[in-house]
Amino acid sequence: MNEIVLYSVLSIGSLGTLMALVLYIVAQRFKVIEDPRIDQVEDKLPGANCGGCGYAGCRNFAEEIVKAGTLEGFNCPPGGSEVLSEVASVLGLEAEEQESMVAVVLCSGSRQVAPPKTRFEGLNTCEFAHSLYAGLSGCPYGCLGEGDCVVSCNFDAMCMDENTGLPVIIEEKCVACGACVKACPRNIIELRKKGKKSRRIFVSCINREKGGVARKNCKVACIGCGRCVKECKFEAITLENNLAYIDFNKCTLCRKCPQECPTSAIHEINFPPRKPKEKKENKTAEA
Amino acid sequence: MKTFKTGGVHPPEKKFSENQPIEVLPLPETVSIPLSQHLGAPAVPVINKGDKVKTGQLIAKGESFISANIHSSVTGTVTKIDDVIDASGYRKKAVIIKVEEDQWDESIDTSDTLKKDCDLTSEDIVKKVNQMGIVGMGGAAFPSHVKLSVPKGKKAEYLLINGAECEPYLTSDHRLMLEKGEELMVGITIKMKALGVNKSVIGIEKNKPDAIEYLCELAKEYEGITVEPLKVKYPQGGEKQLIKALVNREVPSGKLPIEVGCIVHNVGTTFAVYEAVQKNKPLIERVVTVTGINIEKPSNLLARIGTPVSAIIEAAGGIPSNTGKVVSGGPMMGKALSNFEAPVTKGTSGILVFPKEASQRVTQLNCIRCAKCVNTCPMTLEPYLLALLSDKKRYEMCENNMIMDCIECGSCHYVCPSGRPLLDNIRVGKAKVGQVIRERK
């Protein structure tokens, strides 16, 4: 009896030791040397794998940034400059201050201002609707309202407004990863500079049709009249194909153009209510 | 009775207008003739604003190989060449002509007499078909001269004529076979000459016994032409299904019918070829079926290209009050119109008016894995899988599962007990995969 126990303990024990030895040798022989900083960088990243940086997930981003050894050309939209400076400290680099961005919907053709002329039945995705027809109101550039962008958002930063039929971006949650920009088949969503105190001025329309035609379908369409272009002293507004566009890098948020727009297609967001006119005009003149 | 083997459905036929002779629709006040009515590159206009044009005059030229000429369908003044809203609501370039009178171009023979003999060579016939802007009139509007020029190294054996008209409601081909039978026969002989084939089969579904009988009678006089009655089954009018039904050959995946020695033409196209070659008449008018459950006077109208759809519905008694949907084409493959002023094009085979209760889709439920769609698919695909893959954006897997073989007949959607939008999903996937394939080249 004792012998059986002894032999089995000995044989299994020696077998185990032998295997452990083999495993140890193999592990030593074929070990992969990985930069420990990759793990450290990955720890600092948000881990949403949104792809906003242009790489296949956070791990890939960490690998690439460690390999490059520089922050140039790397950006983590959801993490912003905070995360990037942490990453920089791991790599022993200095992070530059980065302008934070936010997604903006460039269409305000709600059901109220652009009343539906047709009814749509079928697969409820924008992709399909876009391939099928121009849209409920007839505007071939406007929002289709099926919510592909909302589905694409990984950060719960979008929802559809039941009333208007348009998507709404929740600014606090938006990390400007650009997933909705890619999801929209009509390129209605744009990433714009967040601006001081989240203040922004933009043309909320991408309709390139002639003024009269665009106006027929939607009351708040940009008609390409060019009044904002004339009004802007900073050459921030360009007019191309019957459509005005405000360059957010040049715009000084002087708030002159929204007043000029005859269709109120230019939106100003997060500004305090307008004060009496004269005071503001002096301010812009100084600027 | 011959038919294709795999899949297919048999929706209620509802051919209300089959006994209505073809009527000529009066000229509208203005016509807008789209520059892209066919598959391929849009035609380039050769006239200017303010020009006077005659009926049948060339107004736009198809410059690449896969394109088609476009002719004026009326006599009048060109008011503008501009974007007009088409059936989908998008803007497409079109020539708008104000109708003044109806004076035909001198070169066109407008008499009704049958001209049997054709002494043109096969190259000349193809050239003529190209000049006259003939396209496939079954719906896809593929330029006919491309189909009639057999590529090098291939040989055509059969010319198959599609008289199946498998879509419910539509009767334009049926009427054409009854009223223009002799012209069709001459058209077939012309095309046989162009292709260098000596066998031609006309496939007609057996719900058109009068047409089968009449064409059988006529075919006796013509060598090589036979008429084959077919079982009533949708989508028998599909090119690949018709080949399988008539000559029992299978077109390989991704290949054209010429691979198995067949060329398929529609009856409408055959009649247009007859008129083009024998009468010098370009494709400027076509038979359009206008029908529907509540339509006062279902009819078959000979309408000029560019006539607004509203004028056609008006001629059939106007739009009923409880209309929910107006479809251009057949009920299975047609597309709902978002605009009644959209013009009739070379590919418009019918205008269907559905009441509200018949036009709504059923509530969409979950897939119960019954595999009805798999059994029904005439291309032996798995529609539920393709729809799912496309929905999840797995386009590579879509391609591996042969999404490009889908003929978009809609049978899967028709049989689905859960009312799932299978074809809608597949269409999105097909468009994406097509894009990827084009970029790869």
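**A walk through a predicted two-chain model**

Strand β9 of chain B (residues 158–163) is mostly covered, with six of its six residues buried. Buried means that 20 or more other C-beta atoms lie within 10 Å of the residue's own; exposed means 12 or fewer, partly exposed lies in between, and C-beta atoms are placed from the backbone. Strands (E, at least two residues) and helices (H or I, at least four) are DSSP runs, numbered from the N terminus. This is a predicted model, where local features need pLDDT of at least 70 and side-chain atom pairs count only at pLDDT 80 or more, while totals for chains, interfaces and linings use all residues. Residues are numbered from 1 along each chain as its sequence is written, and chains are lettered from A and ligands numbered from 1 in the order in which they are written.

Stay with β9(B). In a regular strand the side chains alternate between the two faces of the sheet. Here both faces are covered. B:Y158, B:L160 and B:N162 are buried on one side, and B:L159, B:I161 and B:G163 on the other. Two strands pair if DSSP finds at least two bridges between them. Six bridges join β9(B) to β10 (residues 199–205) of chain B, and the two run parallel. In that pairing, B:N162 stands opposite B:G203. β9(B) also pairs in the parallel sense with β12 (residues 262–266) of chain B, over five bridges. There, B:Y158 stands opposite B:C262.

Now follow B:L160. Contact means that the C-beta atoms of two residues, placed from the backbone, lie within 7 Å. Beyond four places in sequence, the contacts of B:L160 include B:V201, B:L242 and B:I263. B:L160 and B:I312 touch the most other members of the largest nonpolar core, which has 95 residues. Such a core is a set of buried Ala, Val, Leu, Ile, Met, Phe, Trp, Tyr and Cys residues joined through C-beta atoms within 7 Å. Helix α4 (residues 181–195) of chain B gives the largest share of this core, eight residues. A second, separate core holds 59 residues, among them A:M101 and A:I237.

Another part of chain B is helix α11 (residues 383–391). Its buried residues include B:P383, B:Y384 and B:L386. Among the elements that cover the buried residues of α11(B) are α12 (395–400) and α14 of chain B. Just after α11(B), B:K393 takes a positive phi of about 60 degrees.

Where do the chains meet? The contact takes 13 residues from chain B and 13 residues from chain A. On the side of chain B, helix α14 (residues 422–440) gives the largest share, five residues.

Move on to chain A. In helix α2 (residues 36–44), the buried residues are A:V41, A:E42 and A:K44. Seen down the axis of α2(A), they fall within an arc of 155 degrees, so they line one face of the helix. The arc is that of the directions from the helix axis to the C-beta atoms. These buried residues pack against α3 (57–68) and α4 (80–91) of chain A.

A:F248 sits in the loop between β7 (243–246) and α10 (257–260) of chain A. A:F248 counts as buried because it has 20 C-beta neighbours inside 10 Å. Beyond four places in sequence, A:F248 is in contact with A:R192 and A:K193.

Finally, confidence. pLDDT is the predictor's confidence in each residue, from 0 to 100. Chain A averages 87, and 95% of its residues score at least 70. Within chain A, helix α1 (residues 2–29) is highest, at a mean of 94, and helix α11 (residues 277–286) is lowest, at 47.
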